[in-house]
Amino acid sequence: MSRNINNNEADPNRKERCVILGEYIKTTGATVRMTAKEFGVSKSTVHKDVSEKLRYENKRLYEEVKTVLLKNKAERHLRGGNATKKKYIEKRLSRS
């Protein structure tokens, strides 16, 4: 079930979507894909919000999110390798 991040202009207490997404990434360490899936928006939307819009909305949060995104980028080849390994192990087990 995805979360609702409706940007209703009439609500004075609303947070900008970029701040909501940034806080989620900061607290969970989630990837852009995981965040997009959680909130029901596209990867492009998440990336644009946290890498461009967040800078002007909340500079400190932007810097913290940037650190998480750089860490995730550095580790993505490991996640990909593990996914491939798992795929071939499952394929081998299904033939047995």
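Here is a walk through this predicted model, from the overall layout down to a few individual residues.

Start with the big picture. Of its 96 residues, 25% are buried. As for how the chain meets itself, take the contacts with a separation of 6 or more: 55% of them are between residues 24 or more positions apart.

Now to helix α1, which covers residues 17-28. Its twelve residues reach 17 Å from the first C-alpha to the last, close to the 16 Å expected at 1.5 Å a residue. Look for the buried positions and you'll find Cys-18, Val-19, Leu-21, Gly-22, Tyr-24 and Ile-25. Keep the helical repeat in mind here: an α-helix has 3.6 residues a turn, so residues three or four places apart point the same way. The cover over the buried residues of α1 includes α2 (32-39), α3 (43-57) and α4 (59-95). Just past the end of α1, Gly-29 adopts a positive phi of about 75°.

Next, the interior. Nonpolar side chains tend to be buried together in soluble globular proteins. In this model the largest nonpolar core has 17 residues, and those touching the most other members are Ile-25, Val-46, Val-50, Leu-54, Val-65 and Leu-69. Helices α1, α2, α3 and α4 each give two or more residues to this core.

Val-50, in helix α3, counts as buried because its relative accessible area is 1%, under the 20% cut-off. Setting aside neighbours within four places in sequence, Val-50 is in contact with Cys-18, Leu-21, Gly-22, Ile-25, Tyr-62, Val-65 and Leu-69. Its C-alpha is 9.7 Å from that of Glu-23, which is 27 residues away along the chain. Leu-54, again not counting residues up to four places away, touches Cys-18, Val-19, Gly-22, Asp-49, Lys-59, Leu-61, Tyr-62 and Val-65. Cys-18 and Gly-22 are among the contacts of Val-50 and also among those of Leu-54.

What about aromatic rings? A search of the whole structure turns up one aromatic pair. The partners are Tyr-24 and Phe-39, arranged edge-to-face, with 5.1 Å centre to centre and 85° between the planes. The pair ties together distant parts of the chain, since Tyr-24 sits in helix α1 and Phe-39 in helix α2, 15 residues apart. Both Tyr-24 and Phe-39 are buried.

Finally, compare two serines. Ser-51 lies in helix α3 and counts as buried because its relative accessibility is 18%. Its side chain reaches the backbone oxygen of His-47 at 2.5 Å. Ser-42, by contrast, belongs to the loop between α2 and α3 and is partly exposed, with a relative accessible area of 36%. The side chain of Ser-42 makes a polar contact of 2.9 Å with the side chain of Thr-45. Looking back along the chain, Val-32 is ten residues from Ser-42, and their C-alpha atoms are separated by 9.1 Å.

How values were computed: Residues are numbered from 1 along each chain as its sequence is written. This is a predicted model: local features need pLDDT of at least 70, side-chain atom pairs count only at pLDDT 80 or more; totals for chains, interfaces and linings use all residues. Side-chain values use heavy atoms; hydrogens and water are left out. Helices (H or I, at least four residues) and strands (E, at least two) are DSSP runs, numbered from the N terminus. The expected span of a helix is 1.5 Å times one less than its number of residues. Buried means under 20% relative accessible area, exposed over 50%, partly exposed in between (1.4 Å probe, protein chains only). Contact means heavy atoms within 4.5 Å. A polar contact is a pair of N or O atoms within 3.5 Å; within protein, one must be able to donate a hydrogen and the other to accept it, and residues adjacent in sequence count only if both atoms are side-chain atoms. A nonpolar core is a set of buried Ala, Val, Leu, Ile, Met, Phe, Trp, Tyr and Cys residues joined through side-chain atoms within 4.5 Å. Rings of Phe, Tyr and Trp (its six-membered ring) pair if their centres lie within 6.5 Å; planes under 30 degrees apart count as stacked, over 60 as edge-to-face and the rest as tilted.
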